[in-house]
Amino acid sequence: MANEVILLDFPVSMFAARIRIGLAEKGTDYERIEEHPWNKGPLLLHMNPIHKKIPVFIHNGKPIPESLIILEYIDEVWNDDKAPLLLPSDPYQKAQARFWADFIDKKHR
Ligand SMILES: N[C@@H](CCC(=O)N[C@@H](CS)C(=O)NCC(=O)O)C(=O)O
């Protein structure tokens with residue numbers, strides 16, 4: 001199966017940085033396409049028509065927006081023994097990780 005991975009990215013976006021870190025942890029190669037959050041190009045508008053925000057993860061042509069949703073998707077798809085888990089498997093530790101991610105998101109609004 002083809003495994004084309006594209007990240008619509010912006011260098012100083014902390015939301016996009018989450019995805020860069022996740023992909024580095026997984027050891028996954030990907031193509032970066034830079035999009036400007038305040039000067040939105042047609043690819044960003046097409047791939048994220050609801051929020052029109054960066055990052056967008058495009059896997060084999062299928063777009064996924066929202067950084068935390070993207071990270072959970074990456075964790076489920078790249079789930080072999082070679083790749084470390086991004087979220088702990090222990091339910092309490094997973095809840096803690098989600099709490100802090102949510103805390104950061106709410107502080108950033
Ligand atoms: N909840 C989103 C937030 C993404 C976000 O705010 N991205 C900024 C760049 S850091 C953006 O694209 N802003 C453009 C806008 O607000 O129109 C996520 O977690 O991915």
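Student: Which residues are around the ligand?
Tutor: They are Ser13, Phe15, Pro37, Trp38, Lys40, Lys53, Ile54, Pro55, Glu66 and Ser67, each with a heavy atom within 4 Å of the ligand. Residues are numbered from 1 along each chain as its sequence is written. As the model is predicted, local features need pLDDT of at least 70 and side-chain atom pairs pLDDT 80 or more, whereas totals for chains, interfaces and linings use all residues.

Student: Which side chain has an N or O atom 2.6 Å from an oxygen atom of the ligand?
Tutor: That is the side chain of Ser67. A polar side-chain atom of Glu66 also lies 2.7 Å from a ligand nitrogen. Both are polar contacts, meaning pairs of N or O atoms within 3.5 Å.

Student: And what does Ile54 contribute?
Tutor: One of its backbone N or O atoms is 2.8 Å from a nitrogen atom of the ligand.

Student: How much of the ligand does the protein cover?
Tutor: The protein covers 80% of the 510 Å² of accessible area that the ligand has on its own, by the Shrake-Rupley method with a 1.4 Å probe.

Student: Is the peptide bond from Ile54 to Pro55 cis or trans?
Tutor: This bond is cis, with omega near 5 degrees. Pro55 belongs to the loop between helix 2 (42-47) and strand 3 (56-59); helices (H or I, at least four residues) and strands (E, at least two) are DSSP runs, numbered from the N terminus.

Student: Where is Asn60 found?
Tutor: Asn60 is in the loop between strand 3 and strand 4 (62-65). Its phi is near 50 degrees, a positive value in a residue other than glycine.

Definitions and conventions
Side-chain values use heavy atoms; hydrogens and water are left out. A polar contact is a pair of N or O atoms within 3.5 Å; within protein, one must be able to donate a hydrogen and the other to accept it, and residues adjacent in sequence count only if both atoms are side-chain atoms.
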